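Colleague: I am new to this structure. Could you show it and then take my questions one at a time?

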Amino acid sequence: MLELTFKTAAYAVMAIFTWRVAWRIYLWGRGGVNAQTPAGSRAATLLRTAVDILLLPRLLEANPLLWIGEWTFHASFTIVTLRHLRFILNPVPECVIFMQPLGVLAGYILPFSLIYIVTVRNTLMRDSYYTSSNLLLTTFALIASASGLALHALWRTDAALAKAFVLGLFTFESLGMPSDAMFLAHLLAAFAFIAIIPSHIMAAPIVLYDSNLQRGAMASLVHDDTC
Amino acid sequence: MQEIDACTACGECLKHCPVQEVTGNPAISPPEKIRMFREFLRATEGLKAKFLGSQSEIDQKLLEDFTRAVYECTTCGACGEACPVGIFSQRLWPMLRREMVRRGLGPMEPQRGMTKNTIDTGNVYGQPPEARYAPWFPTEVHVSERAKVGYYAGCTGAYEANPMVRGDALVLGAIGEPFTMLAPQDEVCCGFPLFITGQHDLLEGLVKRLVEGYRAKGVQTLVCSCPCCVNIMARDWPLLYGSPLPFKIRHISQHVLSAIKGGKLTIKGNLDEKLIYHDPCYLSRGVGVIEEPRQILMSIPGVELVEFTRNRQQSRCCGSGGAARKAFHDNAIAMGRLTIDEAIDKSADRLMLGCPACYAKVNESMKDHDSKVVITDVMELLARHVA
């Protein structure tokens, strides 16, 4: 019964996530072209965009204090997510095994980076902006990361059974699942987070690329060598 | 749409919004406008709306607040400049306005006559074409029938900021290079006010008419007085025209600086004054013309140039942009006065402007204001110092 409930929840979350991605792609495709801008160098733009995504330099320029928390959060979240590949891939590749220690470290940092972000935004920022979506997202991320940390440090679960549950989702088999509260809380928080994962993870890289293209093209928009 | 989705709601833009600064209204803030638009889309085109076969109930108050917030924005783009994900807000807000017009929710009352005025008179102000040049164009400056350089005065300059465009004409005359202009009834609106208010129906026709007009006159470089004109011409005209333009677009400051550097324009006299230059939003953030006006001012002997705290691409809007200066008069006056006050705080003798909308509104802001400063356009000043 427990496994069935969580399997249903997992499939529902996957369906919601897929629908949201498909809907976004549909809306974006319908958007059309806003303005003609001369094309800049694509390779240079790609490189600048990669740097923008990896290091968040625009946020560093805008708010160095917030950048510390945001960069740490995004980096540790990415590493923790990659570490979870061990539950999805069978056999587990060498590179995933190799990054496990880094993943553990990232797991310890993740919840504290969230607490740092919330603290900075609510105490040091003169004009802070918080929506209910922000709040929900942060809450689920905090629960998921804190419970994940607890699962590693305090209340170890049956990792093999956890993997069996995940693999069972892809093979549509009933292979069992851990039933300890901390694991279930972790899974529920992760499901909730995935269901409401912000659309900016898809859109921001595209907009950053476009922004870099515009910036690169700005120089030639009304300028040339003779002016 | 991608930009709507890219917003992380980090709130970094809040400290840069000039309208938020003077109104304190959270609904006008950039992330709040984006959030409301998402709500609006969800209510009109979301899953529930689509599958239930009818539009969901949309809170009318929310709709009114949202429409007002979208149009209250000056589209200065300061929020986008600060945005960690690079949202090009100077384009995003006009596109939202286009959506509001498409749905019959915009534009604002004072902006509704723009389309009809343009059809009737060729300009959004409804002013007679015969009065476009006559009141200000210096009779001693010769305009050629055909020339490689064309000058586009622009509606706001021609009808609301005469000293500015008069300065342009005098400086162009002093350069000595032949330039041409369209006849007053042919120099119609560049389309920017219609574009910025979301009223796009006439754009293609206006653009084609102007481009063909300048092409027939042999123009290879079109020099514009107004940053907004430069912006739409450089960014949108090729798309609206359907092919690359047969001429380059340049702001007057670029053309004039080139003439100074090339020895075609001699600066005379002295000006022992401290000048402060305000970067027009559509010139600095819009097309990256930043140093040219400064270099022109510094070419006048004796000038000391000081800067606003927020300058160049970070410049603070003076309140005149986005076609909001008439629809939201009080906001524009308040923002204009902040610009004046800072110029005075910096001990400037003269506030230099480079945009006709800024020129008109900031001068108006000063009328009943306790603090006064001399306000001059860059070309208006230069015209007094050229041979």
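Modeller: Helices are DSSP runs of H or I with at least four residues, strands are DSSP runs of E with at least two, and both are numbered from the N terminus. This is a predicted model, in which local features need pLDDT of at least 70 and side-chain atom pairs count only at pLDDT 80 or more, while totals for chains, interfaces and linings use all residues. Residues are numbered from 1 along each chain as its sequence is written, chains are lettered from A and ligands numbered from 1 in the order in which they are written, and side-chain values use heavy atoms, with hydrogens and water left out.

Colleague: In which loop is the place of B:Arg312?

Modeller: B:Arg312 is not a glycine, but its phi is positive, near 55°. Its place is the loop of chain B between β6 (304-306) and α18 (324-327).

Colleague: Is B:Arg312 buried, partly exposed or exposed?

Modeller: Buried means under 20% relative accessible area, exposed means over 50%, and partly exposed lies in between (1.4 Å probe, protein chains only). B:Arg312 has a relative accessibility of 26%, so it counts as partly exposed.

Colleague: What is the relative accessible area of B:Thr75?

Modeller: B:Thr75 also has a positive phi, about 55°, without being a glycine. It sits in the loop of chain B between α5 (60-72) and α6 (78-82). B:Thr75 is buried, and its relative accessible area is 0%.

Colleague: Which residue does a cis peptide bond join to A:Asn90?

Modeller: Most peptide bonds are trans. In chain A, the loop between α4 and α5 (94-98) holds a proline, A:Pro91. With omega about 0°, the cis bond joins A:Asn90 to A:Pro91.

Colleague: What is the order of the strands in the open sheet of chain B?

Modeller: Two strands pair if DSSP finds at least two bridges between them. β1 (residues 149-152) of chain B is joined to β2 (residues 179-180) by two bridges and to β3 (residues 221-224) by four, in parallel each time. The open sheet has four strands with parallel pairing, in the order β2-β1-β3-β4.

Colleague: Which strands are at the edges of that sheet?

Modeller: The sheet runs β2-β1-β3-β4 in chain B. An edge strand pairs on one side only, and these are β2 and β4 (248-251).

Colleague: Which residue of β3(B) stands opposite B:Val149?

Modeller: B:Val149 and B:Tyr151 point one way from β1(B), B:Gly150 and B:Tyr152 point the other way, and all are buried. Towards β2(B), the bridge partner of B:Val149 is B:Phe179, while B:Gly150 stands opposite B:Thr180. In β3(B), the residue opposite B:Val149 is B:Thr221.

Colleague: Which three residues supply 16% of the area that chain B buries against chain A?

Modeller: Contact means heavy atoms within 4.5 Å, and 49 residues of chain B are in contact with 41 of chain A. Buried area is the accessible area (1.4 Å probe) that two parts lose on being put together, summed over both. The two chains bury about 3,800 Å² between them, 55% of it on carbon and sulfur atoms. On the chain B side, the 16% comes from B:Gln2, B:Asp5 and B:Arg235.

Colleague: How many residues in the lining of the second largest pocket are charged?

Modeller: On a 1 Å grid over the protein atoms alone, a pocket is an open set of points with protein on both sides within 12 Å along at least five of seven lines, a cavity is a set where a 1.4 Å probe fits but cannot get out, and lining residues have an atom within 4 Å of a point. Grid points are joined across faces, edges and corners, and a volume is the space filled by probe spheres set on the points; the second largest pocket holds about 1,400 Å³. Of its 43 lining residues, the closest to its centre are A:His84, A:Phe87, A:His186, A:Leu187 and A:Ala190. Ala, Val, Leu, Ile, Met, Phe, Trp, Tyr, Cys and Pro count as nonpolar, Asp, Glu, Lys and Arg as charged, and the others, Gly among them, as polar, and the lining divides into 31 nonpolar, nine polar and, for charged, three.

Colleague: What is the volume of the largest cavity?

Modeller: The whole structure has six cavities of 30 Å³ or more. The lining of the largest cavity has 14 nonpolar, four polar and one charged residues. Its volume is about 160 Å³.
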